[in-house]
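I'll jot things down as I look them up.

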Amino acid sequence: MFPLGAFFARNITLKMGQAPMPLADAQVGYQKFYGHEDGCVKVVLKP
């Protein structure tokens, strides 16, 4: 179980979402990351 109460007590903001990206799309993902396109801040790859 994720300790949401502890985060709320410390006023920590969590932002999350799903980012499915197969290895075949790695180059496109990293181009978006380095160019800060579409608000991209992380690349997630599925092996």
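Here are my notes, from the whole chain down to single residues.

**Entry 1: the overall picture**

First thing to write down: this is a predicted model. I looked up the secondary structure and found two helices and zero strands. Then I asked myself how much of the chain is buried. Buried residues come to 9% of the 47 residues. I also noted the accessible surface of the chain, about 4500 Å². Carbon and sulfur atoms account for 60% of that surface.

**Entry 2: a nonpolar patch**

I found a nonpolar surface patch of about 640 Å². Its members are Phe 2, Leu 4, Phe 8, Ile 12, Leu 14 and Met 16. I checked where Phe 2 sits, and it lies in the segment before α1. Helix α1 itself covers 4-9.

**Entry 3: the aromatic rings**

Which residues make up the aromatic cluster? I got Tyr 30, Phe 33 and Tyr 34, which form one cluster. The count of aromatic pairs is two. For Phe 33 and Tyr 34, I noted ring centres 5.3 Å apart and planes at 65°, so I put this pair down as edge-to-face. The cut-off I needed here is that planes over 60 degrees apart count as edge-to-face.

Then I checked how open these two residues are. Phe 33 has 26% relative accessibility, so I logged it as partly exposed. Tyr 34 has a relative accessible area of 62%, so it went down as exposed. The limits I used were under 20% for buried and over 50% for exposed, with partly exposed in between.

**Entry 4: the salt bridge**

How many salt bridges does the structure hold? I found one. Its partners are Lys 32 and Asp 38, and their closest N and O atoms are 3.2 Å apart. I looked up both ends. Lys 32 is partly exposed, at 31% relative accessibility. Asp 38 has a relative accessible area of 69%, so I marked it exposed.

**Entry 5: more on Lys 32**

What does Lys 32 contact once its neighbours within four places in sequence are left aside? I wrote down Glu 37, Asp 38 and Cys 40. So Asp 38, the salt-bridge partner of Lys 32, is also on the contact list, a list I'd call with heavy atoms within 4.5 Å in mind. I also looked up Lys 42: it is ten residues from Lys 32 in sequence, and their C-alpha atoms are 9.4 Å apart in space.

**Entry 6: positive phi values**

Last, I looked at backbone angles. Asn 11 has a phi near 55°, a positive value in a residue other than glycine. At 68% relative accessibility, Asn 11 counts as exposed.

His 36 went on the page too, with phi near 55°, again a positive value in a residue other than glycine. I placed His 36 in the segment after α2. Its relative accessibility is 62%, so I logged His 36 as exposed.

Note on methods. Residues numbered from 1 in each chain as written. Predicted model: local features only at pLDDT ≥ 70, side-chain atom pairs only at ≥ 80, totals over all residues. Heavy atoms only, no water. Phe/Tyr/Trp six-rings, centres within 6.5 Å; stacked < 30°, edge-to-face > 60°. Buried < 20%, exposed > 50% of the residue type's maximum accessible area, 1.4 Å probe, protein only. Salt bridge = Lys/Arg side-chain N within 4 Å of Asp/Glu carboxyl O. Helix = DSSP H or I, 4+ residues; strand = E, 2+ residues; numbered from the N terminus. Patch = residues over 30% accessible without salt bridge, like charges linked within 9 Å, V, L, I, M, F, W, Y side chains within 5 Å. Areas by Shrake-Rupley, 256 points an atom, 1.4 Å probe, with all protein chains shown as cover.
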